[in-house]
Amino acid sequence: MNTIIETGKPVLVDVVKRYESTGLKILKVPYEEGMKEIASFGLFNGTEAFGSINFFSDRTDSFSPYNLSVIGTISNLVSIAVSNILANERIEQQLAEIDNYKKQLEEENLYLQGELTGKFAQTEIIGTGNEMQKVFHLLTQVSYANSAVLLLGETGTGKELIARAIHNNSPRKEKLMVKVNCAGLPANLIESELFGHERGSFTGAVERRIGKFELANKGTLFLDEIGEMPLDLQVKLLRAIQEKEIGRIGGKMPIKVDIRIIAATNRDLPKEIVAGNFRSDLYYRLNVFPITLPPLRNRTGDIPDLALHFLSKYARNIGKKVHSISNRVLAEMKRYSWPGNVRELEHLMERSVLLTEGNVIREIYLPNHEMNGTTGFPAESYTKTIDENERDHIIARLNKCDGKVYGSFGAASLLGVPVSTLNSKMRKLRIGKEKPVFIVRPV
Ligand SMILES: Nc1ncnc2c1ncn2[C@@H]1O[C@H](COP(=O)(O)OP(=O)(O)OP(=O)(O)O)[C@@H](O)[C@H]1O
């Protein structure tokens with residue numbers, strides 16, 4: 001074969017002479033079968049040899065120059081045919097790869113569009129107080145590493161925002177951070193969401209689908225609400241993280257993935273482990289670098305900055321000239337317990353901007369806002385005063401009438417009192433009448 005490759009010419013072998021003198025294994029069978037000569041032709045794709053074709057004869061001198069030239073022509077035709085088949089196979093393989101990349105790009109594109117139009121186009125993190133400064137310190141320490149991060153904290157404290165900041169400050173920032181909401185999907189769909197599926201692998205799998213693990217390859221996978229993940233899937237997740245490979249549902253080959261995991265939860269995972277709802281091995285795998293986000297009521301110093309940040313964001317969005325918040329409102333906000341944390345504050349500011357006329361937010365309605373650390377009333381045992389009840393009742397009626405006090409569809413007629421009485425009560429109870437008033441409920 002080497003001679004054929006080097007010279008590009010056919011080789012004629014005297015089987016008997018060669019086998020008896022060298023004992024070459026390759027000649028054993030032809031020798032025993034009584035073959036006398038072999039004419040060996042190379043198969044070439046251009047100048048690259050990819051095999052040989054051998055013609056056997058049980059007579060000597062059967063490969064005359066004429067026979068050799070005919071066989072040479074046949075070998076050339078075989079070369080061309082086989083080269084074409086190989087080239088077609090290569091093209092098909094490349095097309096399949098291109099198709100794969102195309103699908104992946106389409107998925108990435110869809111994902112990015114969703115992200116851009118979604119809430120996380122905004123990435124500024126507000127927090128000058130000690131509590132948040134500690135979080136920022138941890139964030140800088142861990143971002144550059146490849147370690148798993150576990151974000152802990154109540155709902156709305158900014159876990160997803162911090163996850164994005166870690167990703168954006170990591171060497172993986174040019175790739176995607178892909179989010180999986182472990183609580184937002186039925187158990188039977190999370191597996192396909194995470195690992196993808198092949199076409200026809202289950203009823204409804206009409207197309208092959210790339211899972212979030214593959215989509216996040218070389219980037220970050222953000223597993224939100226990890227505490228809600230079903231136990232059987234926790235096993236598969238742990239295996240995928242440890243072995244750095246996944247299998248699509250219905251797929252035959254494992255797929256290598258290189259991802260960084262950031263998980264988040266508002267649950268107490270050690271408690272969930274004791275209750276048998278969370279696997280301890282997965283917990284230890286994820287809890288490499290825990291960061292706990294403080295609730296807003298423990299960092300009231302950040303409230304003015306956060307409130308102004310959201311105020312200017314929503315004022316800009318809807319083109320209103322609201323630019324500040326009265327001191328009384330700010331003090332009220334600092335006393336409130338914020339069960340929905342920063343998200344609740346954000347929603348409150350969005351509504352306030354919508355409802356405020358003028359440049360300053362002077363009125364804000366917080367649910368049971370007197371119930372705060374300073375009064376010491378726990379939520380369940382707090383009883384409203386007569387004034388508070390009256391205030392809430394009037395506000396509810398005003399809301400129903402779109403803020404209108406007098407006239408046949410006004411709040412006064414609905415409440416069965418003269419307009420002057422309602423006006424004086426509103427003054428006494430500090431209810432603004434120029435707008436539809438509103439009551440914000442915790443999210
Ligand atoms: N420090 C902050 N600065 C600016 N915006 C913040 C901050 N913390 C939270 N937010 C905003 O509050 C909202 C809720 O934050 P995020 O979704 O990150 O909270 P979460 O802890 O992940 O909530 P959940 O546990 O309910 O998923 C988002 O719109 C986010 O941009």
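Predicted model: local features only at pLDDT ≥ 70, side-chain atom pairs only at ≥ 80, totals over all residues.
Strand β4 (residues 149-152) runs parallel to β11 (residues 260-265), and four bridges join the two. One of the residues involved is L152, whose bridge partner in β11 is T265.

Now for the helices. The UniProt record, an unreviewed entry, lists residues 84-111 as a "coiled-coil region". In the model, that stretch is 100% helix and 0% strand.

Helix α12 (residues 303-318) has 16 residues, which at 1.5 Å a residue should span 22 Å, and this agrees with the distance between its end C-alpha atoms. Its buried residues are I303, A307, F310, L311 and A315. Because they cover an arc of only 130 degrees around the axis, they lie on the same side of α12. As a reminder, an α-helix has 3.6 residues a turn, so residues three or four places apart point the same way. What is exposed on the other side of α12? There you will find R316 and N317. The buried residues of α12 pack against β13 (324-325), α13 (327-335) and α14 (341-355). Just after the helix, G319 takes a positive phi of about 70 degrees.

| Stretch | Distance between end C-alpha atoms |
|---|---|
| Residues 84-111 | 40 Å |
| α12 (residues 303-318) | 22 Å |

Definitions and conventions:
Residues numbered from 1 in each chain as written. UniProt positions renumbered as here; feature names shortened; annotations may be inferred. Expected span 1.5 Å × (residues − 1). Buried ≥ 20, exposed ≤ 12 C-beta atoms within 10 Å, placed from the backbone. Arc of directions from axis to C-beta. Contact = placed C-beta atoms within 7 Å. Pairing = 2+ DSSP bridges.
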